2 protein chains.
Amino acid sequence: MVENSSDDILQDAQTVDIAFLVVGDPFGATTHTDLVLRARASHIPVSIIPNASIMSAIGVTGLQLYNFGQTVSMVFFTETWKPTSFYNRIRENRKIGLHTLLLLDIKVKEASLENLVRGRRIYDPPRYMTVGQCAMQMLEVENIMTEKGEGGVYSKDSLAVGVARVGGATEKIVCGTLEQLCLADSSLGKPLHSLILLGQRSHELEYEFLKIFAIDPVEWDRIWKKDYQRKN
Amino acid sequence: MVENSSDDILQDAQTVDIAFLVVGDPFGATTHTDLVLRARASHIPVSIIPNASIMSAIGVTGLQLYNFGQTVSMVFFTETWKPTSFYNRIRENRKIGLHTLLLLDIKVKEASLENLVRGRRIYDPPRYMTVGQCAMQMLEVENIMTEKGEGGVYSKDSLAVGVARVGGATEKIVCGTLEQLCLADSSLGKPLHSLILLGQRSHELEYEFLKIFAIDPVEWDRIWKKDYQRKN
């Protein structure tokens with residue numbers, strides 16, 4: 001709505017107070033920066049109230065916020081559209097040992113092509129990407145990149161953390177290899193999900209905090225000691 | 001207090017509910033991870049409520065959270081202690097074009113060496129690092145590193161953003177070169193301050209948002225176009 005109707009939102013703001021509520025922090029998304037710029041152009045004073053965001057609340061995993069690199073987004077792949085730009089950003093983060101937070105796609109109020117063409121206001125049921133889907137897409141992209149000779153950023157044995165409903169009463173954390181996380185949706189439960197790919201600069205305290213959430217503690221320990229412990 | 005007295009905090013938690021309030025998000029600091037681990041070891045159930053944090057609220061500058069690398073801390077230098085580890089982290093971020101958020105040191109309830117030795121509970125007045133001090137220390141470290149042949153991560157002409165009291169009613173943003181920010185404390189006002197060093201992956205929308213806060217708009221434009229615009 002804010003992408004298409006910012007003029008409607010701002011229309012009466014010259015004379016009355018308008019409040020615009022968002023989920024998470026107002027500036028997690030660039031659309032809201034744009035809304036402020038439009039308000040500024042019309043000389044409408046704006047005041048902004050920060051809020052908790054997945055980008056800081058993710059610290060609930062015990063992973064230290066100082067050790068996160070750039071955040072990336074994962075979109076729903078289709079047969080013909082599999083954007084791989086997230087992969088290079090993860091490469092950049094991993095190269096310097098940093099964790100990567102992946103924010104997972106949401107499709108709400110999307111219409112099918114047929115309904116769009118016919119101008120019908122019928123929307124598809126909402127879809128929320130799960131940790132399982134995200135992990136599968138990541139392994140798919142790793143294969144694509146490896147075939148091109150540009151792979152090796154992570155593998156099915158890379159350690160990752162899946163989270164669901166962070167900050168809510170039913171918050172859930174599980175960790176394991178990317179391969180294990182492909183099958184973790186049943187234990188994570190309902191949306192919203194996010195995923196973190198571990199960086200190799202991982203700290204002992206992070207290990208201590210996370211290990212009780214491991215899908216397979218023995219395997220988690222083995223890979224941690226082999227590939228992560230004091231590697232950076 | 002939480003560093004030294006976590007046992008006191010947890011002491012009665014077996015029988016009564018204990019609430020522990022923090023400024024910002026509970027997991028911005030590793031001490032709080034440690035507190036949760038200690039509670040876990042004593043089988044004390046913990047539930048955590050996320051909060052707004054400078055690490056996401058910094059989006060109020062118009063800089064996109066996706067374009068931030070790892071966050072670093074800047075401590076007060078002394079004559080004999082000038083830790084430079086932050087410099088390499090900024091180097092890593094800048095190499096891939098990312099912004100760096102610098103969190104500035106706070107000294108609260110610190111005693112002088114003399115008072116400590118005599119066991120007197122007399123504390124020095126609280127000190128909060130300012131953007132000006134931080135920018136000066138950064139330039140000092142750049143000189144030290146350059147003399148060692150390891151410099152060149154930034155210079156007095158690098159663009160940066162200083163913020164004060166983010167999220168508060170008197171929030172303030174100014175941007176300019178590091179050299180200009182050395183003298184920006186009077187316009188930023190009281191603590192708390194933070195500083196962002198710009199990455200070269202900067203987006204046009206970030207430029208658009210920030211330019212009204214420039215100390216010297218002509219100089220800001222000149223350097224932006226020369227060193228930042230479409231450089232990554």
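Author: Happy to. One term first: helices are DSSP runs of H or I with at least four residues, numbered from the N terminus. Please also keep in mind that this is a predicted model.

Reader: Thanks! In which helix of chain A does Trp220(A) lie?

Author: The helix to look for spans residues 217–228 of chain A. Trp220(A) falls in that run, which is helix 10.

Reader: Is Trp220(A) buried or exposed?

Author: A residue counts as buried when its relative accessible area is under 20%. Trp220(A) has a relative accessibility of 2%. Its contacts beyond four places in sequence include Leu159(A), Cys175(A), Leu198(A) and Tyr207(A). With its 2%, Trp220(A) is therefore buried.

Reader: How far apart are the C-alpha atoms of Trp220(A) and Ser158(A)?

Author: Along the chain, 62 residues separate Trp220(A) and Ser158(A).

Reader: Let me step back to the whole chain. What share of the residues of chain A count as buried?

Author: Chain A has ten helices and seven strands, and its C-alpha atoms fill a box of roughly 65 × 40 × 35 Å along the principal axes. Its accessible surface is about 12000 Å², with 53% belonging to carbon and sulfur atoms. Of its 232 residues, the buried share is 45%.

Reader: How far apart do the C-alpha centres of domain 1 and domain 2 of chain A lie?

Author: The domain assignment places domain 1 at 2–42 and domain 2 at 54–228. Between the C-alpha centres of these two domains of chain A, the distance is 30 Å.

Reader: And the charges: how far apart are the centres of the positive and negative side chains of chain A?

Author: Chain A carries 25 positive and 28 negative side chains. The centres of these two sets lie apart by 3 Å.

Reader: Why do the copies meet through the same surface?

Author: The reasoning compares the interface residues of the two chains. The copies meet through the same surface because the part of chain B's interface residues that are also interface residues in chain A is 100%.

Reader: Which residues of chain A does Thr33(B) touch?

Author: Thr33(B) lies in helix 2 of chain B, residues 30–41, and counts as buried because its relative accessibility is 3%. Setting aside residues up to four places away in sequence, Thr33(B) touches Phe27(B) in chain B. From chain A, Thr33(B) touches Gly62(A), Leu205(A) and Phe209(A).

Reader: Which residues of chain B are in contact with Glu208(A)?

Author: Glu208(A) is part of helix 9, residues 204–210 of chain A, and is partly exposed at 32% relative accessibility. Beyond four places in sequence, Glu208(A) is in contact with Leu37(B) and Arg40(B).

Terms used
Residues numbered from 1 in each chain as written. Chains lettered and ligands numbered in written order. Predicted model: local features only at pLDDT ≥ 70, side-chain atom pairs only at ≥ 80, totals over all residues. Heavy atoms only, no water. Helix = DSSP H or I, 4+ residues; strand = E, 2+ residues; numbered from the N terminus. Buried < 20%, exposed > 50% of the residue type's maximum accessible area, 1.4 Å probe, protein only. Contact = heavy atoms within 4.5 Å. Domains from an automatic or database assignment. Areas by Shrake-Rupley, 256 points an atom, 1.4 Å probe, with all protein chains shown as cover. Lys, Arg positive; Asp, Glu negative; His and termini not counted. Charge placed at Lys NZ, Arg CZ, Asp CG, Glu CD.
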